[in-house]
Amino acid sequence: MAADNVVVEPGDMLLLHTGFATRVLEWNKNPDPVKIHTMSSYLDARDPALLDWIAESQISALVADNYAVEGLVGRDRDESRHSLLPIHHLCLFRLGVPLGEMWYLHELAAWLREHDRSRFLLTAPPLRLPGIVGSPLTPIATV
């Protein structure tokens, strides 16, 4: 973020363009079954400084174009870890910060980079489905 002069302020939605969704679409509905599980970059939930930054940043949403924002950490020998997805646990249960996954961000990221920008207006209303715990969105970026 420092290299791209990205500043995150309280209330911002943080979107991460990894290129994963772009690559999947390039395969024309014929993904490589080995590469699809090894190519995605993600946030490392084992980094306590990252977890602290997420909590302290006061972001209002965390979105990525990959499978699950964070990598599956698995069970390690640290018995204090109570979740296979610590960022999900932190955001969804402790902070109330929604996560977005598998968003197509390629065109937006390209436009922002071309115009040396990182900020834009994002609206992403969920479907009105009373009683559910998640919903598909129709996100729209206005630049």
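In the predicted model, valine 63 stands opposite glycine 100 of strand β3. This pair belongs to the link between β2 and β3, two strands that run parallel and are joined by two bridges. Leucine 62 also has a counterpart in β3, where leucine 99 stands opposite.

Together, three strands form an open sheet. Their order is β1-β2-β3, with parallel pairing. In general, the strands of a sheet pair through backbone hydrogen bonds, either parallel or antiparallel. The edges are taken by β1 (residues 13-16) and β3. Each of these has a single partner strand, so one side of each is left without a neighbour in the sheet.

Strand β2 is covered on both faces. Ala61 and Val63 are buried on one side. Leu62 and Ala64 are buried on the other.

The helices come next. Two packed helices are described by the angle between their axes and the distance between the axes. Helix α2 spans residues 48-57, and helix α3 spans residues 86-95. Their axes come within 11 Å and cross at roughly 25°. An angle under 35 degrees counts as roughly parallel, so α2 is roughly parallel to α3. The crossing of α2 and α3 is right-handed.

Which residues make the contact between α2 and α3? Helix α2 contributes Leu50, Leu51, Ile54 and Ala55. Helix α3 contributes Ile87, Leu90, Cys91 and Leu95. The contact residues divide into eight nonpolar, no polar and no charged. The spacing along a helix matters here. An α-helix has 3.6 residues a turn, so residues three or four places apart point the same way.

Helix α3 also has a set of buried residues: Pro86, Ile87, His88, Leu90 and Cys91. Of these, Ile87, Leu90 and Cys91 are also in the contact with α2. The cover over the buried residues of α3 includes α2, β2 (61-64) and β3 (99-100). Just after α3, glycine 96 takes a positive phi of about 70°.

One is asparagine 5, with phi near 55°. Asparagine 5 is placed in the segment before β1. Is asparagine 5 buried or exposed? Asparagine 5 is exposed, with a relative accessible area of 62%. The other is valine 69, whose positive phi is about 45°. Valine 69 lies in the loop between β2 and α3. Valine 69 is buried, with a relative accessible area of 1%.

The loop between β2 and α3 also holds alanine 68. Neighbours within four places in sequence are set aside here; beyond them, alanine 68 is in contact with His88 and Glu101. His88 is one of the buried residues of α3. The C-alpha atoms of alanine 68 and alanine 109 are separated by 19 Å. Along the chain, these two alanines are 41 residues apart.

Note on methods: Residues are numbered from 1 along each chain as its sequence is written. This is a predicted model: local features need pLDDT of at least 70, side-chain atom pairs count only at pLDDT 80 or more; totals for chains, interfaces and linings use all residues. Side-chain values use heavy atoms; hydrogens and water are left out. Axes are lines fitted to C-alpha atoms, for helices over the stretch in contact, and angles run from 0 to 180 degrees between N-to-C directions. Helices (H or I, at least four residues) and strands (E, at least two) are DSSP runs, numbered from the N terminus. Angles under 35 degrees count as roughly parallel, over 145 as roughly antiparallel, 65 to 115 as roughly perpendicular and the rest as oblique. A crossing is left-handed if the near helix is turned anticlockwise from the far one by less than a right angle, and right-handed if clockwise. Contact means heavy atoms within 4.5 Å. Ala, Val, Leu, Ile, Met, Phe, Trp, Tyr, Cys and Pro count as nonpolar, Asp, Glu, Lys and Arg as charged, and the others, Gly among them, as polar. Buried means under 20% relative accessible area, exposed over 50%, partly exposed in between (1.4 Å probe, protein chains only). Two strands pair if DSSP finds at least two bridges between them.
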